[in-house]
Amino acid sequence: QVQLVQSGGGLVQAGGSLRLSCAVSGRAFSSYVMAWFRQAPGKEREFVAGMRWSVGSTYYADSVKGRFTISGDNAENTAYLQMNSLKPEDTSVYYCALGDHRMVLVARSENAYAYWGQGTQVTVSS
């Protein structure tokens with residue numbers, strides 16, 4: 001079965017960096033749509049970044065453009081979210097998500113994704 005296991009969260013000061021990892025088993029992530037979402041307390045889950053690695057397509061929420069980068073390592077079957085210039089408003093639980101074989105384009109709706117990681121906390125202090 002398909003499983004996504006996340007790592008790399010933690011506490012960082014404003015202006016710092018973190019890299020989140022999402023290790024995929026049961027499916028080659030590079031053949032499917034991959035995305036990162038986040039959910040802060042009291043708020044809805046929101047799209048952060050997405051990619052279809054095989055065609056080199058990437059998409060970002062306006063709030064993270066220029067600061068976050070989505071990428072992957074095909075040999076390790078792992079996706080990453082590099083987060084630079086972190087701000088307190090980036091504090092959230094971050095989730096990775098993977099589409100199924102029917103998904104062709106990166107979607108911003110969480111309902112479009114079939115598989116999810118367990119989530120990891122990112123806290124950015126002032």
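Author: To begin with one detail, R45 lies over the face of W116, at 5.1 Å from the ring centre; a charge sits over a ring if NZ of Lys or CZ of Arg is within 6 Å of the ring centre and within 35 degrees of the ring normal. This is a predicted model, in which local features need pLDDT of at least 70 and side-chain atom pairs count only at pLDDT 80 or more, while totals for chains, interfaces and linings use all residues. Residues are numbered from 1 along each chain as its sequence is written, and side-chain values use heavy atoms, with hydrogens and water left out.

Reader: Over the face of which residue does R27 lie?

Author: The ring centre in question is 4.4 Å from R27. The ring over whose face R27 lies is that of Y32.

Reader: How are the rings of F37 and W116 arranged: stacked, edge-to-face or tilted?

Author: Rings of Phe, Tyr and Trp (its six-membered ring) pair if their centres lie within 6.5 Å, and planes under 30 degrees apart count as stacked, over 60 as edge-to-face and the rest as tilted. A search of the whole structure finds six aromatic pairs. In the pair of F37 and W116 the centres are 5.2 Å apart and the planes stand at 50 degrees, so the arrangement is tilted.

Reader: How many residues apart are F37 and W116?

Author: Strands are DSSP runs of E with at least two residues, numbered from the N terminus. F37 lies in strand β4 (residues 33–39) and W116 in strand β10 (residues 115–116), so that the pair links distant parts of the chain. The separation of F37 and W116 is 79 residues.

Reader: Is W116 buried, partly exposed or exposed?

Author: Buried means under 20% relative accessible area, exposed over 50%, and partly exposed in between (1.4 Å probe, protein chains only). F37, at 0% relative accessibility, counts as buried. W116 has 26% relative accessibility and therefore counts as partly exposed.

Reader: Which residues form one aromatic cluster with F37 and W116?

Author: The cluster contains F37 and W116 themselves.

Reader: With the side chain of which residue does the side chain of R67 make a polar contact?

Author: R67 lies in the loop between β6 (57–60) and β7 (68–73), and R67 is buried, with a relative accessible area of 11%. A polar contact is a pair of N or O atoms within 3.5 Å; within protein, one must be able to donate a hydrogen and the other to accept it, and residues adjacent in sequence count only if both atoms are side-chain atoms. The backbone oxygen of S63 lies 2.8 Å from a polar atom of the R67 side chain. The side chain that makes a polar contact with that of R67, at 2.7 Å, belongs to D90.

Reader: Which residues is D100 in contact with, leaving aside neighbours within four places in sequence?

Author: D100 is placed in the loop between β9 and β10 and is buried, with a relative accessible area of 13%. Its side chain makes a polar contact with the side chain of R102 at 2.6 Å. Contact means heavy atoms within 4.5 Å, and, with neighbours within four places in sequence left aside, D100 is in contact with R27, Y32 and A114.

Definitions and conventions: Helix = DSSP H or I, 4+ residues; strand = E, 2+ residues; numbered from the N terminus.
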